[in-house]
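Welcome! Have a look at the structure below, and then let us walk through some of its parts together.

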Amino acid sequence: MGDRPAIYRTVGLTKSYGEGPTAVHALRGVDLTVHDGELLVLLGPSGSGKSTLLNILGGLDSATSGQAWFQDTEITALDADGLTEYRRRSVGFVFQFYNLIAALTARENVQLITDIAERPMAPEDALALVGLEDRLDHFPAQLSGGEQQRVAIARAIAKRPQVLLCDEPTGALDSQTGIRVLSALEAVNREIGTTVMIITHNVVIADMADEVIHFADGAIASHRSNKTRKAAGTLAW
Ligand code: ADP
């Protein structure tokens, strides 16, 4: 995918918590380019810095040193208002826990976002993209964990963000349900071209990616490109 323009670029990105001998160095100098339209999987042991990187790229956290760009915008130079604007316009987030509003249906959970977005998809279209066209009027308690996560994905993409950042999106799900969630992420990537970054502990998931990054001790230990992507529906673990 090297012929596509970069959507993210980081140079010497570091993040430390605290100072002196007790400081935790969560990122120790990350140089990374992510190209527009890629599906990228981030692997690595717990505590290796994956979430910290994703949070900085998503404008949820600040770096200690180094730079990160989103297209031509230096994220690491934005103030709080600039970060809010960047997140609102450009970034969708999916976390391990879905954070849906229990009193609202699937459609209404997505509508909360589309009501305030600039050029949103119809909530029904976002839910259809993740295979939930038959669950529009169900409440979260009437949905399985995997279905709730797919509502969360529909909610994240309904504002048409350029990137979808996913932190352990299948971490709480069994394999069959997890695969359906991954198929939904694959559909978003393929059908509307959203760049998708997925943090996972599960090495099998790397087979559905264009790019696979292994993190270790706050740095990129390896970065490989897959010649072909496996369809999420064919993965098994
Ligand atoms: P991963 O996502 O790979 O599990 P993280 O990015 O969450 O790793 O964490 C990297 C390191 O930074 C860990 O050692 C973690 O304990 C530390 N860390 C993360 N957030 C904070 C924080 N708010 N305060 C102090 N240390 C933190």
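Strand β7 (residues 163–167) and strand β8 (residues 195–199) are paired in the parallel sense, with five bridges between them. Please keep in mind that this is a predicted model, in which local features need pLDDT of at least 70 and side-chain atom pairs count only at pLDDT 80 or more, while totals for chains, interfaces and linings use all residues. Residues are numbered from 1 along each chain as its sequence is written, and side-chain values use heavy atoms, with hydrogens and water left out.

**The sheet**

- β7 and β8 belong to an open sheet of six strands with mixed pairing, in the order β6-β7-β8-β3-β9-β10; two strands pair if DSSP finds at least two bridges between them.
- At the edges lie β6 (91–94) and β10, each of which pairs on one side only.
- On average, neighbouring strands of this sheet are turned by 15° against each other, direction ignored.
- Strands (E, at least two residues) and helices (H or I, at least four) are DSSP runs, numbered from the N terminus.
- Cys 166 has Ile 198 of β8 as its bridge partner.

- Strand β9 (residues 211–216) runs antiparallel to strand β10 (residues 219–225), and six bridges join them.
- His 214 has its bridge partner, Ser 222, in β10.
- Two residues sit between the strands of this hairpin, where Asp 217 takes a positive phi near 50°.

**Helices α5 and α6**

- Helix α5 (residues 145–157) packs with helix α6 (residues 175–192) at an angle of about 20°, and their axes are 9 Å apart.
- Axes are lines fitted to C-alpha atoms, for helices over the stretch in contact, and angles run from 0 to 180 degrees between N-to-C directions.
- α5 and α6 are therefore roughly parallel to each other, a term for angles under 35 degrees.
- From α5, Gly 146, Gln 149, Arg 150, Ile 153 and Ile 157 make the contact, and from α6 the residues include Thr 177, Arg 180 and Val 181; contact means heavy atoms within 4.5 Å.

**A residue in a loop**

- Where is Thr 170 placed? Thr 170 is in the loop between β7 and α6.
- Thr 170 counts as buried because its relative accessibility is 11%; buried means under 20% relative accessible area (1.4 Å probe, protein chains only).
- Leaving aside neighbours within four places in sequence, Thr 170 is in contact with Gly 178, Val 181, Leu 182 and Ile 205.

Notes: Parallel < 35°, antiparallel > 145°, perpendicular 65-115°, else oblique. Buried < 20%, exposed > 50% of the residue type's maximum accessible area, 1.4 Å probe, protein only.
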